[in-house]
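Let's take a walk through this model together, one region at a time. Keep the viewer open and follow along.

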Amino acid sequence: MQERGLEFIQKRVFEHMGAGEGKGLQSANEFLRPAGAYPLTNVGDKARLHVAYSMEGWGLQSVLTTLLLQDRELQRAIEFNGARGRDAFEKAFKKAVIARGRAGYPEEWSRLTQTQVDEVVNAAGALPDYANSLNAKKSLAIIKRELADWNVLDKGFYTIADFGSAAGNTSMPVLKGLTPKERKKVRFVAVDTMARGLERYRSRFEEAGLSEKQIITVNADFSSVGKAKELEGVLFNHVVSGAALHHDPNPVEIFGEIYKKMAPGAFISTWDWCHPAWRAENLVVAPAKSAVSADGRFYTLGRKTVEAQRGHAFISPGKTLGVFGRAPSEVEAAKEIFAFWPGLLRIPEVKPNLIKELDASLRSGRSFNFNEYAKGWVGRVPTHPKTGAVEPSPNWWLEAHPSPETRANDFIKAGFGKVDVRLILPSKIKVQGNELPPSSLLTHFMFRKPLVETG
Ligand SMILES: C[S@@+](CC[C@H](N)C(=O)[O-])C[C@H]1O[C@@H](n2cnc3c(N)ncnc32)[C@H](O)[C@@H]1O
């Protein structure tokens with residue numbers, strides 16, 4: 001038999017992972033996305049999780065490697081190529097996990113009805129609205145300073161990019177904060193995979209007075225922005241993004257692509273849903289005063305370092321890691337995100353029990369497994385919160401929500417310098433007379449591309 005090379009290893013790994021031709025290895029598919037009745041239909045594929053968590057915390061590395069190596073031809077090819085073979089396998093495996101995870105997001109969107117797409121495109125709610133306006137305020141403080149002596153004839157438009165723009169809820173408050181004189185100097189770039197959002201974006205920004213050449217819409221996945229024809233020769237002077245960057249399992253790569261398109265010294269001002277709850281399938285509270293690693297795989301207390309069991313991760317009973325200023329604990333953040341799901345799944349009646357049992361587990365030192373717990377909800381009938389109609393929820397859980405510290409690390413790995421990382425709603429804030437509840441889930445990140453690159 002002819003011995004096979006590195007290309008074969010890569011191709012076979014992609015095929016088995018369902019990221020190449022064909023449907024993928026059945027056992028791998030069953031592990032990554034087990035079948036089940038509603039609401040288990042809404043458990044997202046495990047490959048969609050952040051790679052910093054999925055490989056160890058969710059066991060992808062160990063479980064899938066074992067499953068894939070049951071293929072004797074693949075195993076033989078790896079052995080035949082020695083160290084290079086093993087290296088090719090590891091690299092191909094990580095790439096295939098990311099490719100599969102990446103494809104999971106458009107798959108989720110493609111299942112939405114037209115009404116649901118419109119809901120995403122026009123999404124507004126007190127919490128995201130507040131986060132978008134705060135993000136814009138922080139951006140405007142920088143943009144206005146930079147626009148003061150900006151000459152369009154010399155430098156062209158000052159370009160502001162919005163990643164995952166939908167219809168523009170994140171960058172519209174930036175435009176609204178500019179004076180008529182400042183508005184003449186700017187150009188907006190909207191990047192999104194959903195064409196419908198981009199159409200609305202263009203019409204809204206034109207209605208607000210911008211000319212056609214001051215708006216560039218790019219219908220592309222974040223990961224392919226470097227190849228977008230519309231952006232040839234375009235450099236971003238400022239970047240914003242709201243609630244969008246958690247839709248990719250490997251944000252370091254996305255941030256690297258954005259970085260390449262940014263002018264030296266440009267700022268990136270973003271907010272996102274962040275929490276430590278998807279660090280592993282099983283969460284355990286670390287001891288008081290211990291220091292938990294960003295991926296939750298370890299904690300250190302005094303001289304002792306403790307590693308989490310396979311499929312487990314620690315969450316800290318202390319302040320949420322990676323943020324400046326006031327912040328609740330990681331345990332509170334995990335509880336808050338889990339408590340969202342009964343409502344999102346349209347079975348709010350299960351919430352009180354979930355909170356009671358979650359609390360009991362975490363307090364007693366037992367681990368908590370949300371996927372396992374949700375199995376007890378099979379048979380519940382989802383009803384639309386407004387119409388009362390029996391209708392399953394369009395939302396999938398398991399996405400690449402990072403903890404603030406993981407997100408900050410991703411920016412730093414891509415080359416950015418940290419300016420500020422802060423929770424958006426650590427306390428109750430009044431908006432138009434209504435009090436918003438405090439939330440541990442919305443984090444604002446301000447990073448900067450260095451003026452001069454070193455190394
Ligand atoms: C929750 S919406 C947020 C929209 C807007 N920024 C806001 O705050 O209202 C997320 C948007 O990101 C887009 N998106 C998600 N993943 C993407 C990807 N990988 N590439 C491009 N766009 C993506 C979605 O299509 C969606 O319009």
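Four bridges join strand 8 (residues 298-301) to strand 9, and the two run antiparallel. Strands here are DSSP runs of E with at least two residues, helices are DSSP runs of H or I with at least four, and both are numbered from the N terminus. Two strands count as paired if DSSP finds at least two bridges between them. Before going further, note that this is a predicted model, in which local features need pLDDT of at least 70 and side-chain atom pairs count only at pLDDT 80 or more, while totals for chains, interfaces and linings use all residues. Residues are numbered from 1 along each chain as its sequence is written, and side-chain values use heavy atoms, with hydrogens and water left out.

Now widen the view: the strands belong to an open sheet of three, in the order 7-8-9, with antiparallel pairing. Strand 7 (291-292) and strand 9 (304-307) are at the edges with a single partner strand each, so one side of each has no neighbour in the sheet.

K289 sits in the loop between strand 6 (282-285) and strand 7, and has a positive phi of about 70° although it is not a glycine. Most residues other than glycine have a negative phi, and most peptide bonds are trans. K289 is exposed, with a relative accessible area of 81%; exposed means over 50%, buried under 20%, and partly exposed in between, using a 1.4 Å probe and protein chains only. A243 also is not a glycine and has a positive phi, of about 55°. A243 belongs to the loop between strand 4 (236-242) and helix 13 (251-260), and is partly exposed at 24% relative accessible area. For a cis peptide bond, go to the step from Y38 to P39, where omega is near 5°. P39 lies in the loop between helix 2 (26-32) and helix 3 (51-57).

Next, turn to the ligand. It has 17 residues around it, and G164, T170, D192, F222 and G242 come nearest; a residue counts as near if one of its heavy atoms lies within 4 Å. Which side chain has an N or O atom 3.1 Å from an oxygen atom of the ligand? That is the side chain of N132. The backbone takes part too: a polar backbone atom of G242 is 3.0 Å from a nitrogen atom of the ligand, and a backbone N or O atom of T193 lies 3.3 Å from a ligand nitrogen. Polar contacts here are pairs of N or O atoms within 3.5 Å. Taken alone, the ligand exposes 600 Å², and the protein buries 93% of that, with areas from the Shrake-Rupley method and a 1.4 Å probe.

N132 leads us to helix 8, where N132 is among the buried residues, including also L127, Y130, A131 and L134. At 1.5 Å a residue, the 22 residues of helix 8 (residues 126-147) should span 32 Å, and the end C-alpha atoms are 30 Å apart, which agrees. The expected span is 1.5 Å times one less than the number of residues. Helix 8 bends by about 30° at L140, the bend being the angle between axes fitted to the seven residues ending there and the seven starting there.

Notes: A polar contact is a pair of N or O atoms within 3.5 Å; within protein, one must be able to donate a hydrogen and the other to accept it, and residues adjacent in sequence count only if both atoms are side-chain atoms.
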